[in-house]
Amino acid sequence: MSNVHVMDHPLIQHKITYIRRKDTGSKDFRSAVGEIAALMCYEATRDLKLQDVEIETPMGKMVGKELSGKKLAIVPILRAGLGMVDGMLDMVPAAKVGHIGLYRDPETLEPVEYYCKLPADSSEREVFVVDPMLATGGSSVAAIQMLKDKGVKSIRFMCIIAAPEGVKRMQDEHSDVELYIGALDEKLNDHAYIVPGLGDAGDRIFGTK
């Protein structure tokens, strides 16, 4: 599982335990999801390339480091993925944001696109697809295929909690995509919810039922 990165940072683990608690309310849940996304973004960008740049400090000239190569884009899968965007923008304010909306066809159970708006130069960017939960993998696999179909070449996927079934499907269908996972859980239940998980991330972020 060389393309699967499960986070072991103590702060990430602590905050994931906090959002798993059923008595954590929407406001605190939403804040913690943003904090987790920021911490995961920090971990997931540690291999970005740097270049030398000559600058002047108040004390004189020096050669420092700055990001080189591809710029970043963040593409949340609607709607729960929205909860991760602000935290990532705190880390990478220059990133552009796209959106992908999918719904599950009740007959075929396959994901269907209803919205896709990407930055015009997405094919030139390092694109992070974000969704708090990777359950069956259906939506994530479909979203990544949509990006590839639109010419995006460099894609990473970030989720807070994943089920083994979703990880396997992502590896089977998009083995070239790096997966960044906050916690890898036990399994899916009969209703395709992650166990032990945290329930419905969208409902908990937005306070809906």
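User: Which residue in β7 is the bridge partner of I100?
Analyst: The partner of I100 is C116 in β7. The model is a predicted one, in which local features need pLDDT of at least 70, side-chain atom pairs count only at pLDDT 80 or more, and totals for chains, interfaces and linings use all residues. Residues are numbered from 1 along each chain as its sequence is written, and side-chain values use heavy atoms, with hydrogens and water left out.

User: In what sense do β6 and β7 pair, and over how many bridges?
Analyst: They pair in the antiparallel sense, over 6 bridges. Two strands pair if DSSP finds at least two bridges between them. Strands (E, at least two residues) and helices (H or I, at least four) are DSSP runs, numbered from the N terminus. In the hairpin of β6 and β7, 6 residues sit between the strands, and L109 takes a positive phi near 65 degrees.

User: Which residue has a positive phi of about 65 degrees although it is not a glycine?
Analyst: That is A192, which lies in the loop between β12 (187-188) and β13. A192 counts as partly exposed because its relative accessibility is 36%. Buried means under 20% relative accessible area, exposed over 50%, and partly exposed in between, with a 1.4 Å probe and protein chains only.

User: Is C159 buried or exposed?
Analyst: C159 is buried, with a relative accessible area of 0%.

User: Moving on to β8. How many of its residues are buried?
Analyst: In β8, 6 of its 6 residues are buried. R125, V127 and V129 point one way from the strand, while E126, F128 and V130 point the other way.

User: Which strands pair with β8?
Analyst: β4 pairs with β8 in the parallel sense over 6 bridges, with A73 standing opposite V127. β10 (residues 154-162) also pairs with β8 in the parallel sense, over 5 bridges, and there V130 stands opposite M158.

User: Which residues have the most contacts inside the largest nonpolar core?
Analyst: They are I19, M88, M158 and I160, in a core of 35 residues. A nonpolar core is a set of buried Ala, Val, Leu, Ile, Met, Phe, Trp, Tyr and Cys residues joined through side-chain atoms within 4.5 Å. The largest share of this core, 8 residues, comes from α2.

User: How much space lies in the largest pocket?
Analyst: About 740 Å³ lies in the largest pocket. Of the 28 residues that line it, the closest to its centre are R104, D131, M133, S139 and D200. On a 1 Å grid over the protein atoms alone, a pocket is an open set of points where a 1.4 Å probe fits, with protein on both sides within 12 Å along at least five of seven lines, and lining residues have an atom within 4 Å of a point. Grid points are joined across faces, edges and corners, and a volume is the space filled by probe spheres set on the points.

User: And how much space lies in the second largest pocket?
Analyst: That pocket holds about 290 Å³ of space. It is lined by 16 residues, of which L67, S68, G69, K70 and K71 are the closest to its centre. β4 and β8 are the elements that give two or more residues to this lining.
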